[in-house]
Structure formats: structure tokens, C-alpha cells
Amino acid sequence: MADTVERVVVESSAETKRPKSVRVVLLALMIAMMLAMLDNMIVGTAMPTIVGELGGLEHLSWVVTGYTLATAASTPVWGKVGDMYGRKGAFLSSIVIFLVGSALSGMAQNMGQLIGFRAVQGLGAGGLMVGVMAIIGDLIPPRERGKYTGMMAGVMALAMIGGPLVGGTITDNWGWRWSFYINLPLGAVALVLVSAVLHLPKKRAKARIDYLGVALLTVGITAIVLVTTWGGSEYAWTSARIMELIALGVVSLIAFVWWQTKAVEPVLPLHMFRSRNFTLMSVIGFITGFVMFGATLYLPLYQQSVQGASATNSGLLLLPMLGAMLVTSMVAGRITTSSGRYKAFPIVGGALMVVGLYLLSLMDTGTTRVTSGVYMAVLGLGMGCLMQITMLVAQNSVEMKDMGVASSSSTLFRTLGSSFGVAVMGALFNHRVQHVMAERAGAAGRHMTEKSAALDAKSLAKLPAPIREAYQYAVSAGTHSAFLLGAVIAVLVLAAALFVKEVPLRGAAQATAKGDDGGPLPVIDAV
């Protein structure tokens with residue numbers, strides 16, 4: 001009896017301490033998440049200054065491409081390493097690699113060095129998002145996880161809005177190198193907090209890492225990202241180089257899938273896809289990434305070129321969409337936590353996304369900022385119903401031992417979706433703009449946009465009035481085509497959501513019963 005009373009007191013004490021200590025760990029995780037999301041946006045603002053000092057304009061795109069390739073290729077590997085050898089060690093290692101890459105990038109003396117160091121940074125970034133999602137999956141049962149989704153959506157919105165503003169401020173006042181150095185103090189805080197407060201069960205898998213699977217998946221992902229990056233810009237879509245990359249990617253991924261059926265410890269266990277919900281969430285995540293990153297790329301372009309908005313405040317132009325996404329994500333998380341029900345959110349989110357994208361496709365040269373803001377808000381409401389619910393349902397669909405690979409797979413599909421979204425919507429946008437410019441401005445219009453369909457504000461201001469008006473009409477036509485395609489693609493989200501099976505979310509008691517491979521549960525020190 002006394003032993004029972006003592007155990008109850010200890011458990012009660014632990015429950016009292018848990019909220020505060022969980023918040024400390026979440027703070028560290030959100031800092032790491034912000035590092036990964038802010039980086040490209042801050043660096044993008046500093047690009048003109050970097051090229052002015054280091055030169056190498058012809059290799060400029062590789063500063064982003066190298067980072068993206070390394071991030072995409074390493075994402076599934078980090079998830080598997082965390083599952084096999086422990087999530088805390090994998091997460092801390094990814095932070096260290098990211099910070100080393102940041103420091104080296106800040107010290108780069110030429111464009112070649114910067115591209116190489118950005119790739120190192122991308123290797124670390126691949127583990128940041130996966131680590132955050134997987135650790136949250138370890139610490140917080142799915143039934144209770146919804147209340148924290150608003151925090152993650154808030155970080156995402158803050159990064160998208162504040163990234164360009166922070167990048168411009170840092171570059172103007174401290175120099176472009178601090179666009180990388182700024183990561184060091186933030187990363188150090190995350191390292192200290194995670195090291196001191198978070199204690200997860202140590203793991204040591206007997207099987208070795210599936211190196212052949214890693215190699216095949218890396219080659220396949222690299223080929224896919226290069227196709228979406230180079231197609232229509234560096235090389236024509238029908239060129240030999242693009243065809244070779246497509247063939248390499250397809251063969252590598254087919255070989256990867258075959259090998260995963262033979263590997264002792266596969267990088268991406270195919271048994272996860274036997275779960276209907278996990279497969280559907282992967283599809284929904286891919287399409288959400290496709291739509292979201294396409295929208296965030298072309299909405300500011302439309303508002304700057306057609307509505308005359310300032311490029312400096314490009315992040316603020318997305319506020320209606322991101323604000324609606326944040327609010328909806330918080331509400332959806334709270335309702336999911338209190339009721340345990342979630343199927344309605346992918347369905348409503350898919351429907352709102354289709355409507356929002358269709359409304360955005362209606363924008364023309366006469367659309368006001370208020371009207372476009374309302375359209376963006378509708379799209380944001382839809383994405384808010386989907387962004388965190390997809391990860392939540394995917395994690396709830398697998399065993400605890402596969403939490404890392406489930407998180408990395410969801411992240412990877414969203415990343416690949418964003419690459420395809422930017423490439424496909426970009427190709428359609430460029431083709432439409434060039435076609436309309438040739439129709440309305442003749443040879444001069446065609447020549448002006450043959451290298452790039454996007455003009456900055458300075459170039460636009462120098463154009464004669466008839467050419468400028470033709471370009472504004474062409475941009476509105478291009479965004480119409482891009483968003484109309486997005487609306488058609490988004491119908492697949494709605495269709496997939498209808499087939500989601502509402503499996504009860506695991507609560508604290510169920511998570512405790514299952515543990516992690518039957519081992520001890522995660523521990524967080526009180527602070």
C-alpha cells in the first residue's frame with residue numbers, strides 16, 4: 001500500500017513538472033526548426049551582395065540548389081539513424097553540422113567554396129526538421145499533440161514573413177556574411193537546451209545502416225531535384241541532359257524500392273505504406289508542398305509586378321495567407337486534442353485549397369490588394385487544416401520504432417512536392433508570360449522575357465509604358481495559368497482525404513503501454 005502511494009506521488013510530481021520542462025524542450029526544437037526555415041529566405045535576400053563580392057554569377061543558382069539537394073537527400077537518412085541509434089544524438093549531430101556549414105559559408109572566399117559549404121549546411125538542415133518532428137512524436141502522444149501544432153505553424157509563418165526583412169536588415173547593416181553567422185548563437189542555444197533537458201532512451205541497433213539503400217535513394221532524389229531545378233531554365237525539358245536525369249532517377253528509385261524488400265534494416269520500410277492513412281498522408285503532403293511553395297513564389301511576383309507593391313515588404317504580402325494558416329492550424333489542433341477526431345480537417349482543407357487557388361486564378365490587372373488578400377486567406381485556411389494534421393496522422397499510423405522514418409518520409413514528400421510545384425508552375429508561368437508578351441509587344445516583348453519571365457522592380461520601372469502594361473497583363477495571365485493548374489492538382493487532396501480512415505489517436509496511456517520498442521519512455525528533466 002505504501003509503495004502504491006509512493007508511486008502515485010512520484011507520478012503526480014512528474015506530471016506537475018512535465019508542462020514546464022516540455023515547454024523548454026519545445027523552445028529548443030522551435031529554434032532549430034526556425035534555423036532550417038529561415039536560412040534560404042535570409043540568404044536569398046543577400047544574394048545580390050554576395051555575387052557582387054565573390055563573383056560567379058553563372059553559378060549563383062547552385063548556392064540554393066546545393067543546399068536543397070543535400071537537404072532532400074539526407075532527410076530520410078537522418079530519420080533512420082534516429083530510429084536505430086537514438087534521436088537525441090542524431091538531432092544534436094544535425095545541429096552541429098548545420099552550424100559548421102553556416103560558419104564555413106560565412107568565411108567563403110569564392111563562389112565555389114560557398115556552394116560546397118552550403119551543401120554541408122544542407123546536410124545538417126536535413127536532420128533539423130526530421131529531428132523536431134520525431135522528438136515531438138516521442139514526447140507527446142498523438143491525442144495531445146494537436147495543441148502544439150499552432151506553435152509550429154507560427155514558426156513557419158514567422159520565418160516566411162520575417163525572413164526577407166531580417167535578411168535585408170542584416171545584409172545592409174552587418175554585411176552578407178552575417179546572414180550565415182546569425183545561425184551560430186541561435187544554434188548554440190538550441191544545443192545547450194536540448195543537451196541539458198532532453199533525455200531519450202539510448203538505442204543501439206545490431207543491424208548496420210543500409211548503405212546501398214542510402215546510395216540509391218540519394219541518386220534518385222538528386223536526379224529528381226536536378227530535373228525540377230534545371231528543366232526549362234538551364235536546359236530545355238526535351239534536352240538530352242534532362243532525359244538522362246529522368247532515366248537515372250527512375251532507374252535508381254525502382255532499384256531502391258526493390259532493394260528495400262531485401263535489406264535487413266531498410267532506410268524506408270515499405271511496410272509503412274500498407275497503412276492506408278500513411279500512404280494518403282504522403283500523397284496529401286506532396287500536393288500541399290506543390291501548392292504552397294508555388295503560391296509563395298508567384299503571389300509576391302504578381303503583387304510586385306501588377307499591383308506595384310514594394311519588394312522589400314514581400315514577406316508581408318503573404319500575411320493574409322500565413323495568418324489564416326496559423327489561426328486554422330491552432331484551431332484544428334485544439335479540436336483534434338479535445339475530440340480525438342481529425343478526418344474532417346483534410347476534407348475541409350482540400351476543399352478550401354481548391355476554392356482558394358481557383359479564386360487566385362481569377363486575379364487580373366484590375367484586382368485590388370484587398371481582394372487578393374481575401375483570396376489568399378481562403379487558401380491559407382485550407383493549408384492550415386492540412387499542414388500539421390498530415391504529420392500527426394502519419395505518425396499515428398506507424399509503430400513507435402518507425403517514428404523517425406515516418407517523420408522523414410512525410411518531410412521528404414513535402415520537399416519533393418515543393419520542388420515539383422516550383423518547376424511545373426514555373427514552366428507554365430514562363431511559357432504563358434512569353435507567349436502573351438510576344439502577342440502584345442511583338443519581338444521586343446519576346447526578346448525581353450526569353451531568358452526570364454520575372455523582372456525586378458527596377459527593370460520594370462525602366463520599361464516604356466506600353467511594354468510595361470503588356471508585361472503586367474502577361475504576368476496576370478501567367479499567374480492565372482499557374483494557380484488554375486494548382487486548383488486542378490489540389491482536387492487530388494480532396495479525393496485522397498475522402499478515403500482517410502479515422503483511426504483513434506493514441507493517448508498518453510496507450511503511448512505508455514507501447515513505449516519505444518518496449519523500452520523505457522522518454523524523460524525530460526525539469527528546469
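Colleague: Which side chain meets Glu-244 in a salt bridge?
Modeller: Arg-241 does, with 3.8 Å from N to O. Keep in mind that this is a predicted model. Both residues sit in helix H9, 3 residues apart, about one turn of the helix.

Colleague: And Arg-241, how accessible is that one?
Modeller: Arg-241 has a relative accessible area of 38%, so it goes down as partly exposed.

Colleague: How many salt bridges does the structure hold?
Modeller: There are 4. One of them pairs Asp-83 with Arg-87, where the closest N and O atoms are 2.5 Å apart.

Colleague: Are Asp-83 and Arg-87 buried or exposed?
Modeller: Buried, both of them.

Colleague: What does Arg-341 pair with?
Modeller: Glu-502, again through a salt bridge, with the closest N and O atoms 3.1 Å apart. Arg-341 is in the loop between helices H11 and H12, while Glu-502 is in the loop between H17 and H18, so this pair ties together parts that are 161 residues apart in sequence.

Colleague: How do Arg-341 and Glu-502 come out on accessibility?
Modeller: Arg-341 is exposed, at a relative accessible area of 54%. Glu-502 is partly exposed, at 28%.

Colleague: OK, switching to rings. How many aromatic pairs are there?
Modeller: The structure holds 8. Among them is Trp-258 with Trp-259, a tilted pair at 6.2 Å centre to centre and 45° between the planes.

Colleague: What about Phe-273, which ring does it pair with?
Modeller: Phe-413, edge-to-face, with 6.3 Å between centres and 85° between planes. That pair links distant parts of the chain: Phe-273 is in the loop between H9 and H10, Phe-413 is in helix H15, and they are 140 residues apart. Phe-273 is partly exposed with a relative accessible area of 26%, and Phe-413 is partly exposed too, at 23%.

Colleague: Which rings form a cluster?
Modeller: Trp-174, Trp-178 and Tyr-181, which are linked by ring pairs.

Colleague: New topic, Thr-390. Where is it?
Modeller: In helix H14, which runs over residues 387-396. Thr-390 has 5% relative accessibility, so it counts as buried, the cut-off being under 20%.

Colleague: Which residues does Thr-390 touch, leaving out those up to four places away in sequence?
Modeller: Met-281, Ile-284 and Arg-414. With Arg-414 there's a side-chain to side-chain polar contact of 2.9 Å. A polar atom of the Thr-390 side chain also lies 3.1 Å from the backbone oxygen of Leu-386.

Colleague: And helix H7, how many residues does it have?
Modeller: H7 has 15, spanning residues 183-197. From first C-alpha to last it reaches 21 Å, close to the 21 Å expected at 1.5 Å a residue.

Colleague: Which residues of H7 are buried?
Modeller: Asn-183, Gly-187, Ala-190, Leu-191, Val-194 and Val-197.

Colleague: Zooming out, what's the secondary structure of the protein?
Modeller: It comes to 18 helices and 2 strands. Of the 527 residues, 54% count as buried. Among contacts with a separation of 6 or more, 83% are between residues 24 or more positions apart.

Colleague: What's the mean pLDDT?
Modeller: It's 79, and 83% of residues reach 70 or more.

Colleague: Where is confidence lowest, and where highest?
Modeller: Lowest in strand E2, residues 523-524, at a mean of 40, and highest in helix H12, residues 344-361, at 93.

Colleague: Which residues stay under 50?
Modeller: Residues 1-18 are one such stretch, and the model gives them 2 contacts beyond four places in sequence. Residues 508-527 are also below 50, yet that stretch has 41 contacts in the model beyond near neighbours in sequence.

Terms used:
Residues numbered from 1 in each chain as written. Predicted model: local features only at pLDDT ≥ 70, side-chain atom pairs only at ≥ 80, totals over all residues. Heavy atoms only, no water. Helix = DSSP H or I, 4+ residues; strand = E, 2+ residues; numbered from the N terminus. Buried < 20%, exposed > 50% of the residue type's maximum accessible area, 1.4 Å probe, protein only. Polar contact = N/O pair within 3.5 Å; in protein donor to acceptor, adjacent residues only side chain to side chain. Contact = heavy atoms within 4.5 Å. Expected span 1.5 Å × (residues − 1). Phe/Tyr/Trp six-rings, centres within 6.5 Å; stacked < 30°, edge-to-face > 60°. pLDDT = per-residue confidence, 0-100.
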